[in-house]
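Trainee: Could you walk me through how to read side-chain features in a model like this one? I'd like the general idea first, then the case at hand.

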Amino acid sequence: MSAQPGNPAPRFDVALVGGGFRSLPDIVEPGGGIVVFLKSDCETSRLIVPRLGPLARSLAAEGMLFLVIAQEGEATARKFQEELGVPGSLAWEEVPYHASADYGIRSVPTLFVIDGAGVIAERIEGFMKREYIALGAAVEQALALGDIPPILERAEDLPEFKPG
């Protein structure tokens, strides 16, 4: 199944750094949320994901989940979190990367907006500043937040494009 806008989000169950698990119902039941896949040695992931704090805080204020899934072991994911800070909840998965495979991850970071019906509303691969800036309106509509949330910290310092 292809994890593209308009399609149901694939089910997943991933371990959290420090213990516990998160799954698709944790995203869907409060009305939707965000899932971001990353790898700590990816320069684009290192640049972009820590700057998504405003979006993560907006979702948390509404009781929604901002979930980051690192494609590596727990120790490496924890180190990334300690070095750069990761907004929201940080999960990890190792080879064979079941969640990543089900979501068709070809490059990181890849961000998904999943609405309260469990449908993918938006998918962004790599980084294009204009896509992330426009993401606010899509998030507001898909998650019925009432206001367009801020997306990035210090967006003016970011390049226009950076492949994943």
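Predicted model: local features only at pLDDT ≥ 70, side-chain atom pairs only at ≥ 80, totals over all residues.

Mentor: In general, a pair of aromatic rings is described by the distance of the centres and the angle of the planes. Here the structure holds 5 aromatic pairs. One of them is Phe12 with Tyr103, which is edge-to-face, at 6.1 Å centre to centre and 65 degrees between the planes.

Trainee: Where do Phe12 and Tyr103 lie in the chain?

Mentor: Phe12 is in the segment before β1 (13-16), while Tyr103 is in the loop between α5 (98-102) and β6 (110-115). They are 91 residues apart in sequence, so the pair ties together separate parts of the chain.

Trainee: Is Tyr103 buried or exposed?

Mentor: Buried, with a relative accessible area of 0%. Tyr103 also pairs with Phe112, again edge-to-face, at 5.0 Å centre to centre and 70 degrees between the planes. Phe112 is buried too, at a relative accessible area of 0%, and Phe12 is buried with 8%.

Trainee: Which residues form the aromatic cluster?

Mentor: Phe12, Phe37, Tyr103 and Phe112 form one cluster.

Trainee: Okay, on to charges. How many salt bridges does the structure hold?

Mentor: General idea first: side chains of opposite charge can pair when their charged atoms come close. This structure holds 11 salt bridges. Take Lys39 and Glu72, whose closest N and O atoms are 4.0 Å apart. Lys39 sits in the loop between β3 and α2 (43-48), and Glu72 in the loop between β4 and α4 (74-84), so to speak two distant parts of the chain, 33 residues apart.

Trainee: How exposed are Lys39 and Glu72?

Mentor: Lys39 counts as partly exposed at 25% relative accessibility, whereas Glu72 is buried, with a relative accessible area of 9%. The cut-off to remember is that buried means under 20%.

Trainee: Which helices does the salt bridge of Arg46 and Glu83 link?

Mentor: The side chains of Arg46 and Glu83 meet at 2.8 Å, N to O. Arg46 is in helix α2 and Glu83 in helix α4, 37 residues apart, and the pair links these distant parts of the chain. Arg46 is partly exposed, with a relative accessible area of 31%, and Glu83 counts as partly exposed at 43%.

Trainee: What about Arg123: which residue does it bridge to?

Mentor: Arg123 forms a salt bridge with Glu125, the closest N and O atoms being 3.2 Å apart. Arg123 counts as buried at 11% relative accessibility, but Glu125 is partly exposed, with a relative accessible area of 26%. Elsewhere, salt bridges that share partners join Arg57, Glu153, Arg154 and Asp157 into one network.

Trainee: Last one: how do I read a helix? Which residues of helix α3 are buried?

Mentor: An α-helix has 3.6 residues a turn, so residues three or four places apart point the same way. In α3 (residues 53-61), the buried residues are Gly53, Pro54, Leu55, Ala56, Ser58 and Leu59.

Trainee: What do the buried residues of α3 pack against?

Mentor: They pack against β3 (32-38), β4 (65-70) and α6 (129-143). And take a look at the backbone just after α3: Gly63 takes a positive phi of about 80 degrees there.

Technical notes. Residues numbered from 1 in each chain as written. Heavy atoms only, no water. Buried < 20%, exposed > 50% of the residue type's maximum accessible area, 1.4 Å probe, protein only. Helix = DSSP H or I, 4+ residues; strand = E, 2+ residues; numbered from the N terminus. Contact = heavy atoms within 4.5 Å. Phe/Tyr/Trp six-rings, centres within 6.5 Å; stacked < 30°, edge-to-face > 60°.
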